Amino acid sequence: MSTSGSQAHPRFAEALRTLGLDVEVRRFPEATRTAAQAAAAIGCDVSEIVKSLVFAADGVPVLVLMDGSSRVDVERVREELGAGSVGRADADLVRRTTGYAIGGVPPFGHSTKTRVLADRALLNHDVVWAAAGTPHTVFALDPKTLVSQAGGELVDVRERTA
């Protein structure tokens, strides 16, 4: 395990330096591609994992930050954006938009500026964990700082449970 982003994807490590964030980036031999895998590796609750998910709203990429135990309600995202249609982005659009592959997308440090919606439930935790640019690396940060650095708008876009 290392600090100051040396284990992170180089683009993300540079973003951390640019933002002046000194966070510990942890690297795991097993993939932390899914929220469940990341939570198991870290030893935290799956709701403390931040999923960075790219959607296409009328063809325009948007990043949604969601806690690992919840699912995004695409209809609520559509309403929030005032879009005609919203769907999951394919792997190519995710890489073109963020510069990272699915499973390693961090909440900020992307290759393009994208609108960011952050589900309000992320603020229910003192610390959250997110990908550091690869499927094997994660970092911890308080959720308010994470949402702020991502330029996220706080919204309620998770699926309601019955």
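The legends below walk through several close-up views of this predicted model.

**About the model.** Residues are numbered from 1 along each chain as its sequence is written, and side-chain values use heavy atoms, with hydrogens and water left out. Because this is a predicted model, local features need pLDDT of at least 70 and side-chain atom pairs count only at pLDDT 80 or more, while totals for chains, interfaces and linings use all residues.

**View 1. How confident is the predictor?** The score to know here is pLDDT, the predictor's confidence in each residue, from 0 to 100. The protein averages a pLDDT of 92, and 96% of the residues score at least 70. Take care with residues 1-5, where pLDDT stays under 50. For that stretch the model has 14 contacts beyond four places in sequence (a contact means heavy atoms within 4.5 Å).

**View 2. The largest nonpolar core.** A nonpolar core is a set of buried Ala, Val, Leu, Ile, Met, Phe, Trp, Tyr and Cys residues joined through side-chain atoms within 4.5 Å. Buried means under 20% relative accessible area, exposed means over 50%, and partly exposed is in between (1.4 Å probe, protein chains only). The largest core has 29 residues, of which Phe12, Leu65, Phe108, Phe139 and Leu146 touch the most other members. Among the elements giving two or more residues to this core are helix H1 (10-19), strand S3 (49-57), strand S8 (137-141) and helix H5 (143-150). Helices (H or I, at least four residues) and strands (E, at least two) are DSSP runs, numbered from the N terminus. A second, separate core of 14 residues includes Met66, Val77, Leu81 and Ala83.

View 3. Which residues of H1 are buried? They are Phe12, Ala13, Ala15 and Leu16. Seen down the axis of H1, these buried residues fall within an arc of 155°, so they line one face of the helix (the arc is that of the directions from the helix axis to the C-beta atoms). An α-helix has 3.6 residues a turn, so residues three or four places apart point the same way. The buried residues of H1 pack against strand S2 (24-27) and S8. On the face turned away from the buried side, look for the exposed residues Pro10, Arg17 and Thr18. After H1 comes Gly20, with a positive phi near 70°.

**View 4. A cluster of three rings.** Ring pairs link Phe12, Phe108 and Phe139 into a cluster. Rings of Phe, Tyr and Trp (its six-membered ring) pair if their centres lie within 6.5 Å; planes under 30 degrees apart count as stacked, over 60 as edge-to-face and the rest as tilted. Phe12 and Phe108 form a tilted pair, 5.4 Å centre to centre with 40° between the planes. Phe12 is in helix H1 and Phe108 in the loop between H4 and S6, 96 residues apart. Phe12 is buried at a relative accessible area of 0%, and Phe108 counts as buried at 4%. Phe108 and Phe139 form an edge-to-face pair, 5.9 Å centre to centre with 70° between the planes. Since Phe139 lies in strand S8, this pair ties together parts that are 31 residues apart in sequence.

**View 5. Val46 in its loop.** Val46 sits in the loop between helix H2 (35-42) and S3. Is Val46 buried or partly exposed? With a relative accessible area of 27%, Val46 is partly exposed. Not counting residues up to four places away in sequence, Val46 touches Ala35, Ala36, Ala39, Gly68 and Ser69.
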